[in-house]
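Let's take a look around a protein together. Have the sequence and the 3D view open, and find each residue as it comes up.

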Amino acid sequence: MAMYKVIVITDPEMADGFRLAGVSVIPVDSKEAAREQVKILLDDPDAGILALSESLYNSLDEKTMEKIDS
């Protein structure tokens, strides 16, 4: 069975808390940066679970949302 990474995309202020929980963190300063990171991670075969805040999630474009759903 493949082991997937849990990756959190969050603002820099919250990043350390997630790191203490033992997950990989990608801190972003803007919604645009978050959208770019999501697109990159969707093509990463090692990224299994992606978590981001509701406001960042809601900023994703429709095409990206469809890719997440598939």
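What follows covers the ground rules, the core, the salt bridges and a pocket.

## Ground rules

This is a predicted model, so to speak of local features we need pLDDT of at least 70, side-chain atom pairs count only at pLDDT 80 or more, and totals for chains, interfaces and linings use all residues. Residues are numbered from 1 along each chain as its sequence is written, and side-chain values use heavy atoms, with hydrogens and water left out.

## The nonpolar core

Start on the inside. A nonpolar core is a set of buried Ala, Val, Leu, Ile, Met, Phe, Trp, Tyr and Cys residues joined through side-chain atoms within 4.5 Å. Buried means under 20% relative accessible area, exposed means over 50%, and partly exposed is in between (1.4 Å probe, protein chains only). The largest such core has 9 residues: I7, I9, I26, V28, A34, V38, L41, L56 and L60.

Now zoom in on V38, which sits in helix α2. How large is the relative accessible area of V38? The value is 0%, so V38 is buried. Contact means heavy atoms within 4.5 Å. Leaving aside neighbours within four places in sequence, V38 is in contact with I9, L50, L52, L60, T64 and I68. I7 has its own set of partners: not counting residues up to four places away in sequence, I7 touches S24, I26, L41, A47, I49, L50 and A51.

## Salt bridges

Side chains of opposite charge can pair when their charged atoms come close. A salt bridge is a side-chain nitrogen of Lys or Arg within 4 Å of a carboxyl oxygen of Asp or Glu, and by this rule the count comes to 4. One of them joins D16 and R19, with the closest N and O atoms 2.9 Å apart. Both residues lie in helix α1 (residues 12-20), 3 residues apart, which is about one turn of the helix. R19 is partly exposed, at 40% relative accessible area.

Another salt bridge brings together the side chains of D61 and K39 (3.5 Å, N to O). D61 is in the loop between α3 (54-58) and α4 (62-69) while K39 is in helix α2, so this pair ties together parts that are 22 residues apart in sequence. D61 is partly exposed at 27%, and K39 is partly exposed at 35%. Then there's K67 with D43, at 2.7 Å, N to O. K67 belongs to helix α4 and D43 to the loop between α2 and β3, so here the linked parts are 24 residues apart in sequence. K67 is partly exposed at 40%, whereas D43 counts as exposed at 55%.

## The largest pocket

A pocket is an open set of points on a 1 Å grid over the protein atoms alone, where a 1.4 Å probe fits, with protein on both sides within 12 Å along at least five of seven lines; lining residues have an atom within 4 Å of a point. Which residues line the largest pocket? They are L41, L42, D44, A47, G48, I49, L50, L52, Y57 and I68. The elements giving two or more residues to this lining are α2 (31-42) and β3 (47-52), and the largest share, 5 residues, comes from β3.

Notes: Helix = DSSP H or I, 4+ residues; strand = E, 2+ residues; numbered from the N terminus.
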